[in-house]
Amino acid sequence: MIKDEEKPKIALADPSRSDGMQRYLASHAREIPPSGIRRFFDLVSASKDKDIITLGVGEPDFVTPWRVRDAAVYSLEKGKTQYSPNAGMLELREAIGQYLYNQFNLTYDPGKEMVVTVGGSEGIDLALRALIEPGDEILVPEPCYISYSPITSLSGGVAVGIETFAEDQFKLTPESLRAAITPKSKILVLCYPSNPTGAIMTYEEMLPIAKIVEEHDLIVISDEIYAELTFNGKHASFASLPGMKDRTILVSGFSKAFAMTGWRMGYACGHPDLISAMLKIHQYTIMCAPTMGQVAALEALTKGGLEEKDRMMESYNQRRRLVVQGFRDMGLECHEPQGAFYAFPSIRSTGLTSEQFAEKLLLEGKVAAVPGHVFGKGGEGFLRCCYATSVAQLTEALERIHLFLRSLE
């Protein structure tokens, strides 16, 4: 028998070392920056001030319509708690296909060209992971939704920001797209209506973009989660442009227009080869979206659910006009957002950075909004304000912001 003192000693890692457990992390996970939005709202939580009005979280203030909630509860009572097919319930995919045809004149085969995802975010992740080879460049008009660049990095790609400007209403121009393209460019990510600017692009404005996409053999990931929130006109899907359907992965969902953020229900549509690859990743990582959420999404696409959606859209439009006019009346330049539920006023006239302005507004004005720089190129000097909250709250927030501005004079 070997005595204890004769046994070989095994050197164990010491978690108390100064680098802690960081040395075990993959470099792409260690180097990815934390969410700028989350960092800012940690300040909101830390303040513990119950009087703060929040215009920060991109989430409807409406509760999911009762008929949608009721359908999910009824399905649970019936014991419908099993896995669905990996691509999602066929009846839901069929309903999504009919909805896209009715609303945007798009035709997709529910059996081959569609996958139901855990929110639109998973759809974006699946698309990027299915397409990116190490070193591929992904073109992203900015300011934009904060997740595109980190997901690209995690997939081994390189995100290339293309700055857009208020004087162009934050639209992607053909000239700026051409200037950003290199031999490594593979994917163009579009998000119109835009988070955070509320910008849209019309069918006519996207035509020259489509021409460049074809010339340079690009694939487009079109994030259309705010499609229904298009004011003063009808949303034009990039996939509806001539020759673009097969080049486009359309990503959308139920979170914003149907007030279903917590349900995490999204979908992606595209060429069968692209969707098949995304579905394989989905099978191994998620398996399927929650069954009860799919039942709720199916109910949202019924006549009653669509009527509820339209009622919410009317309310957002009213709030949009209130907020934009409010900022202009207090002397802040604010382009008119034509979609989504965000205003993006310029605070450059104050001489403060967007982060300085947002922190002082939080601490002194008791209004929380997101500093524009966290959304990438062109965001510095702006503030993202979500107007998906009550008119009473918005009115009070505007009054507080006006008083705060006067205190800076």
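Which strand supplies the largest share of the lining of the largest cavity?

1. **The answer.** The strand is E3, which gives three residues to that lining. The model is predicted. E3 covers residues 137–142, and strand E5 covers 185–190; each supplies at least two residues of the lining.

2. **The largest cavity.** Its volume is about 90 Å³. The lining has 15 residues; closest to the centre are Pro141, Pro143, Cys191, Tyr192 and Ser194. Sorted by class, the lining holds ten nonpolar, four polar and one charged residues.

3. **The second largest cavity.** This one has a volume of about 50 Å³. Its lining includes Cys191 and Tyr192, along with Leu190, Met206, Ser222 and Glu224. His235, Ala236, Ser237 and Phe238 also line the second largest cavity. Six of its lining residues are nonpolar, three are polar and one is charged.

4. **The count.** There are five cavities of 30 Å³ or more.

5. **The sheet.** Seven strands form an open sheet in the order E2-E8-E7-E6-E5-E3-E4. The pairing is mixed. Strands E2 (114–118) and E4 (158–163) are the edges, each pairing on one side only. From one strand to the next, the twist averages 25°.

6. **One pair in detail.** Strand E6 (residues 219–223) pairs with strand E7 (residues 248–253) in the parallel sense, over four bridges. Here aspartate 223 stands opposite valine 251 in E7.

7. **The helix across the sheet.** Helix H5 (residues 119–131) lies across E2, E3, E5, E6, E7 and strand E8 (265–269). H5 runs at about 120° to E2.

Conventions:
Residues are numbered from 1 along each chain as its sequence is written. This is a predicted model: local features need pLDDT of at least 70, side-chain atom pairs count only at pLDDT 80 or more; totals for chains, interfaces and linings use all residues. Side-chain values use heavy atoms; hydrogens and water are left out. On a 1 Å grid over the protein atoms alone, a cavity is a set of points where a 1.4 Å probe fits but cannot get out, and a pocket is an open set with protein on both sides within 12 Å along at least five of seven lines; lining residues have an atom within 4 Å of a point. Grid points are joined across faces, edges and corners, and a volume is the space filled by probe spheres set on the points. Ala, Val, Leu, Ile, Met, Phe, Trp, Tyr, Cys and Pro count as nonpolar, Asp, Glu, Lys and Arg as charged, and the others, Gly among them, as polar. Two strands pair if DSSP finds at least two bridges between them. Axes are lines fitted to C-alpha atoms, for helices over the stretch in contact, and angles run from 0 to 180 degrees between N-to-C directions. Contact means heavy atoms within 4.5 Å.
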